[in-house]
Amino acid sequence: MLLSPGPTDALLVIDLQNDFCPGGALAVADGDTIVPTINALAQKFDHVILTQDWHPRNHISFASTHPDKEPYETIEAPYGPPDIIQTLWPDHCVQHSEGAAFHPALSIPHAELILRKGFRRHIDSYSAFLENDHFTPTGLAGYLRERSLTRLFLVGLAYDFCVRYSAIDGKNLGFDTTVIEDATRPVNLPGSVAAANEALAASSVPRIQSTEILTT
Ligand code: VGL
Ligand code: ZN
């Protein structure tokens, strides 16, 4: 069945930034290969929102901030449950760096909002809706509600982190939420893709293919 986006639908493009693409600081395998699909999908939507991971130097999620830690080790986040375990990453998406810029081939001139997240030094934000304390809002839910945008289609990077958490929070906040799976790529830490698949299924967030929206 072909899905046809309408006036209350939005495409949410998560973190399509240089640092998550090959050659970047936190490169996702083939992260750049989804750009043409996302550009084509964007043409089908009246409303497109981009998110941008946007960290200050010495961000809590950077391994380099913690003297005795290496990337991909974990810490107990000071803000506590429910996701008390914070993965530590290589320094990435530092505010105003080239790595934080959108991939140069991303071409969505009609995108209406660029939502930056992860800008507070002491808290990470995978989700476009809530920071990693699962409490502090980014403002996106209010924006979408004020604009009467009720159905969301998520694409971008990375499937198993920012796409996963954004989709689940979107769904929990009352938006009709779908992930366009072939327009995402995962970081792929041990178990992270299976965990994302299970979490999305548990929240009844469907995964579809871009061909269900693109005619060709
Ligand atoms: C992301 C790890 C750290 C993402 C952002 O966009 O999925 N992953 N920061
Ligand atoms: Zn980040």
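This is a predicted model: local features need pLDDT of at least 70, side-chain atom pairs count only at pLDDT 80 or more; totals for chains, interfaces and linings use all residues.

Rings of Phe, Tyr and Trp (its six-membered ring) are taken to pair if their centres lie within 6.5 Å.

**Aromatic pairs**

The structure contains seven aromatic pairs. Two of them, both involving Tyr126, are set out below.

| Pair | Centre to centre | Angle between planes | Class |
|---|---|---|---|
| Trp89 and Tyr126 | 6.4 Å | 75 degrees | edge-to-face |
| Tyr126 and Phe161 | 5.4 Å | 65 degrees | edge-to-face |

Planes over 60 degrees apart count as edge-to-face, and the planes of Tyr126 and Phe161 stand at 65 degrees, so that pair belongs to this class. Phe161 is part of helix 3 (residues 159–172) and Tyr126 is in the loop between strand 5 and helix 2, so their pairing ties together parts that are 35 residues apart in sequence.

Burial is judged against a limit of under 20% relative accessible area. Trp89 counts as buried because its relative accessibility is 3%, and Tyr126 does so at 8%. Phe161 is buried as well.

**The zinc site**

The zinc ion (ligand 2) is coordinated by Asp53 (OD), His55 (NE2) and His92 (NE2), at distances of 2.0 to 2.2 Å. The arrangement is irregular because the four donor atoms around the ion subtend angles of 87 to 171 degrees. Along the sequence, the donor residues follow the spacing D-x1-H-x36-H. His55 is in the loop between strand 2 (47–53) and strand 3 (74–76), whereas His92 is in the loop between strand 4 (85–87) and strand 5 (113–117); the two therefore tie together parts that are 37 residues apart in sequence. Both histidines count as buried, His55 because its relative accessibility is 0% and His92 because its value is 3%.

**Other side-chain contacts**

Asn39 belongs to helix 1 (residues 35–42) and, at 16% relative accessibility, counts as buried. A polar atom of its side chain lies 2.8 Å from the backbone nitrogen of Ser107. Neighbours within four places in sequence aside, Asn39 is in contact with Ala105, Leu106, Ser107 and Ile108.

Elsewhere, the charged end of Arg116 sits over the ring of Trp54, 3.7 Å from the ring centre.

Methods. Residues are numbered from 1 along each chain as its sequence is written. Chains are lettered from A and ligands numbered from 1 in the order in which they are written. Side-chain values use heavy atoms; hydrogens and water are left out. Helices (H or I, at least four residues) and strands (E, at least two) are DSSP runs, numbered from the N terminus. Buried means under 20% relative accessible area, exposed over 50%, partly exposed in between (1.4 Å probe, protein chains only). A polar contact is a pair of N or O atoms within 3.5 Å; within protein, one must be able to donate a hydrogen and the other to accept it, and residues adjacent in sequence count only if both atoms are side-chain atoms. Contact means heavy atoms within 4.5 Å. Donors are N, O and S atoms within 2.8 Å of the metal (3.2 Å for Na, K and Ca); water is not among the atoms, so sites may look incomplete. Four donors count as tetrahedral if all angles lie between 85 and 135 degrees; four count as square planar and six as octahedral if opposite donors are over 155 degrees apart and all others between 65 and 115; anything else is irregular. Rings of Phe, Tyr and Trp (its six-membered ring) pair if their centres lie within 6.5 Å; planes under 30 degrees apart count as stacked, over 60 as edge-to-face and the rest as tilted. A charge sits over a ring if NZ of Lys or CZ of Arg is within 6 Å of the ring centre and within 35 degrees of the ring normal.
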